[in-house]
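Trainee: Please take me through one part of this model closely. I would like the loops first, then the ligand site.

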Amino acid sequence: MIIPKERHLTPEQEAELSAVTGEFGITLQKIAGETRSVYAMVGDERDELLVKRVEGLDYIDRVDTIQKPYKLMAKDSELGRHSVRLNGLTIGNGHFTVVAGHCTIDPKNPDYFYETAAAVKEAGGDILRGGVWKPRTSPHSFQGDHRSMDILIEAKARTGLPVDTEVMDSEQLDLALEAGVDMLQVGARNALNYGLLKEIGRKIAGRPTIVLLKRGMHMGKVDEFILAAEYVVSGGNPNIVLTPRGTVPTMDGFRNHPDESITVLLKEKTWAPVLVDPSHSVGRSAYVPFAACAAAAYGADGLIVESHVAPVKGIGDDPKQAVTPEVLYKLIRDARAIHAMQKEHVAHIIANA
Ligand code: PEP
Ligand code: MN
């Protein structure tokens, strides 16, 4: 990774830099970090002469040839001080952010979603979730409906909350960006869909959009998860959050194998905020508050929780998993208290890892 001295390079400097690296068969990818833009080198950047030539340019501070499998997501990369922000909201850096709302928006009953949206805000939620399109095991189950996008955007206007929805293909991605979705959710089933990850990375470059990347249910290795995030960030926008959501084989009696404990490992290795999903990991609304508090105890920077004003009237996962706004309120209050209690201790563990 190439770190310039100043916040931004001029177009002439960028052209010279890419001519120099081009001689070595390297192409450059600009990453717009918060403190300054850095340049990732695509190709083998370990050539000593290349490093000398680039470091010889008077506007370059240094070249980091990080030997980790991920160059951008590593805690000690130049993006290590990057802060993920959404309008006035900071995710990570001591804040505890809660994304909450329906698993799935029911296009036939929009009022439930509007009521939930108001209740999420009231309960202390920061971002409203609402599934427009759904990945379903059976092609005969409800797949979502693009008309639900209007409902999501109307709820955003009514509450002033930023909104999150899952996208699974190019068409959905374009519609979500066009509609003004703030947080794009990449689901567990697509965490290894490198084509989609790359396309999202490319299309959100230069936008304020954030990506919430779920851990794939079969991802045993922490690095595999971090590398999936590296695909997105390599496109140029480093606004990403990592979301453990449970793995398989499942724990008997639970929907998945709860994995909130991976939070502290992720935080040792990367700078990215971790928002845990307790809803899909345990899969039962009565257990969700336990998993939410456990996530906070492991140092999570927040949660994504399914919540519904009338869970039994919901569709998708909501009848089983969604917590009511009353439960959500208590869960947010408790998890925030645990987060505040754990903050210093977690920071100490991570700093000494
Ligand atoms: C969801 O959040 O509703 C969802 C489908 O999650 P996951 O991708 O983790 O299964
Ligand atoms: Mn769901």
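**Loops, then the ligand shell**

Mentor: Start with Thr209, which is buried at a relative accessible area of 6%. Buried means under 20%, exposed means over 50%, and partly exposed is what falls in between, using a 1.4 Å probe and protein chains only. The model is predicted: local features need pLDDT of at least 70, side-chain atom pairs count only at pLDDT 80 or more, and totals for chains, interfaces and linings use all residues. Residues are numbered from 1 along each chain as its sequence is written, chains are lettered from A and ligands numbered from 1 in the order written, and side-chain values use heavy atoms, with hydrogens and water left out.

Thr209 sits in the loop between α6 (194-204) and β11 (210-214). Helices (H or I, at least four residues) and strands (E, at least two) are DSSP runs, numbered from the N terminus. Thr209 and Gly180 are 29 residues apart in sequence. Their C-alpha atoms are 8.8 Å apart in space.

Go on to the loop between β11 and α7, where Arg215 lies. Arg215 counts as buried, at 7% relative accessibility. What does its side chain reach at 2.8 Å? The backbone oxygen of Met219. The side chain of Arg215 also makes a polar contact of 2.9 Å with that of Asp259. A polar contact is a pair of N or O atoms within 3.5 Å; within protein, one must be able to donate a hydrogen and the other to accept it, and residues adjacent in sequence count only if both atoms are side-chain atoms.

Helix α7 spans residues 222-233 and holds Tyr231. Tyr231 is partly exposed, at 31% relative accessibility. With Leu192 and Tyr194, Tyr231 makes a nonpolar surface patch of about 250 Å².

His308 is in the loop between β14 (302-306) and α11 (318-321). Ala296 is twelve residues away from His308 along the chain, and their C-alpha atoms are separated by 22 Å.

Now two exposed loop residues. Asn87 has a relative accessible area of 66% and is exposed. Asn87 lies in the loop between β5 (84-86) and β6 (89-91). Its phi is near 45 degrees, positive in a residue other than glycine. Asn93 is in the loop between β6 and β7 (97-102). Asn93 is exposed too, at 58%.

One peptide bond deserves a look. Val248 and Pro249 are joined by a cis peptide bond, with omega about 0 degrees. Pro249 belongs to the loop between β12 (240-243) and α8 (262-269).

That leaves the ligand site. Around ligand 1 there are 13 residues, and Lys134, Gln185, Ala188, Lys214 and Arg245 come nearest. A residue is near if one of its heavy atoms lies within 4 Å. The shell divides into seven charged, three polar and three nonpolar residues.

For Arg129, the corresponding distance is 2.9 Å. A polar side-chain atom of Arg189 lies 2.9 Å from a ligand 1 oxygen. Taken alone, ligand 1 exposes 300 Å², and the protein buries 98% of that. Accessible areas come from the Shrake-Rupley method with a 1.4 Å probe; for residues, only the protein chains shown count as cover.

Terms used:
Ala, Val, Leu, Ile, Met, Phe, Trp, Tyr, Cys and Pro count as nonpolar, Asp, Glu, Lys and Arg as charged, and the others, Gly among them, as polar. Patches are made of residues with over 30% relative accessible area and no salt bridge: like charges are joined within 9 Å, nonpolar side chains (Val, Leu, Ile, Met, Phe, Trp, Tyr) within 5 Å. A salt bridge is a side-chain nitrogen of Lys or Arg within 4 Å of a carboxyl oxygen of Asp or Glu.
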